[in-house]
Amino acid sequence: MSDGQCLFCKIVDGTIPAEVVHETESLIAFRDIGPQAPTHVLVIPRKHVASLDDARPEDRELLGELMLAAGAVARAQGIAESGFRTVVNTGVDGGQTVHHLHVHVLGGRPMHWPPG
Ligand code: 5GP
Ligand code: ZN
């Protein structure tokens, strides 16, 4: 199921180009257009799920695949050994700007805590 107005659904269907670094039957990973670290990749399900708040028990396997893919992307990008940050922003206070579930994978520099 895709949402015709959704930016990331357009990346999934190829209407909007992206630098894809990893893909499977159920998800794709591509470089963020505004990188916040030397490596900044977004991992998204091909299926339109608006946010973590919209994920349901039937999405259990997909959510697991997203997290496993985040680790696989980090290893493939060479940032796993030094460490990396995974982020899922949800809703207004979470800072979510694109309403299609995505996992940020950031690395290549030290990350700080607490986040801003
Ligand atoms: P959010 O703020 O929703 O957690 O993250 C959305 C991310 O999508 C941002 O980091 C932003 O830079 C990225 N982004 C927005 N539009 C595009 C686009 O057209 N292409 C790519 N590759 N990334 C985008
Ligand atoms: Zn979408």
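1. Spacing of the zinc donors. Along the sequence, the donor residues of the zinc ion (ligand 2) follow the pattern C-x2-C-x38-H-x51-H. The pair C9 and H100 links distant parts of the chain, 91 residues apart. C9 sits in helix α1 (residues 7-13), and H100 in the loop between α3 (91-94) and β5 (103-107). Helices (H or I, at least four residues) and strands (E, at least two) are DSSP runs, numbered from the N terminus.

2. Basis of the values. This is a predicted model, in which local features need pLDDT of at least 70 and side-chain atom pairs count only at pLDDT 80 or more, while totals for chains, interfaces and linings use all residues. Residues are numbered from 1 along each chain as its sequence is written, chains are lettered from A and ligands numbered from 1 in the order in which they are written, and side-chain values use heavy atoms, with hydrogens and water left out.

3. Zinc geometry. C6 (SG), C9 (SG), H48 (ND1) and H100 (ND1) coordinate the zinc ion (ligand 2) at 2.0 to 2.3 Å. Donors are N, O and S atoms within 2.8 Å of the metal (3.2 Å for Na, K and Ca); water is not among the atoms, so sites may look incomplete. The arrangement is tetrahedral because the 4 donor atoms subtend angles of 105 to 116° (for four donors, all angles must lie between 85 and 135 degrees).

4. C9 counts as buried because its relative accessibility is 4%, and H100 counts as buried at 0%. Buried means under 20% relative accessible area, exposed over 50%, partly exposed in between (1.4 Å probe, protein chains only).

5. Contacts of ligand 1. A polar side-chain atom of D32 lies 2.5 Å from an oxygen atom of ligand 1. Polar backbone atoms are also placed by oxygen atoms of ligand 1: that of T97 at 2.7 Å and that of G95 at 3.1 Å. Taken alone, ligand 1 exposes 520 Å², of which the protein buries 82% (Shrake-Rupley method, 1.4 Å probe).

6. Shell of ligand 1. There are 16 residues around ligand 1, and R31, D32, N89, T97 and H104 come nearest (near means a heavy atom within 4 Å). The largest share of the shell, 3 residues, comes from α1.

7. T15. This residue is in the loop between α1 and β1 (20-23). T15 counts as exposed because its relative accessibility is 54%. Its side chain makes a polar contact with the side chain of D13 at 2.3 Å (a pair of N or O atoms within 3.5 Å; within protein, one must be able to donate a hydrogen and the other to accept it, and residues adjacent in sequence count only if both atoms are side-chain atoms).

Methods:
Four donors count as tetrahedral if all angles lie between 85 and 135 degrees; four count as square planar and six as octahedral if opposite donors are over 155 degrees apart and all others between 65 and 115; anything else is irregular.
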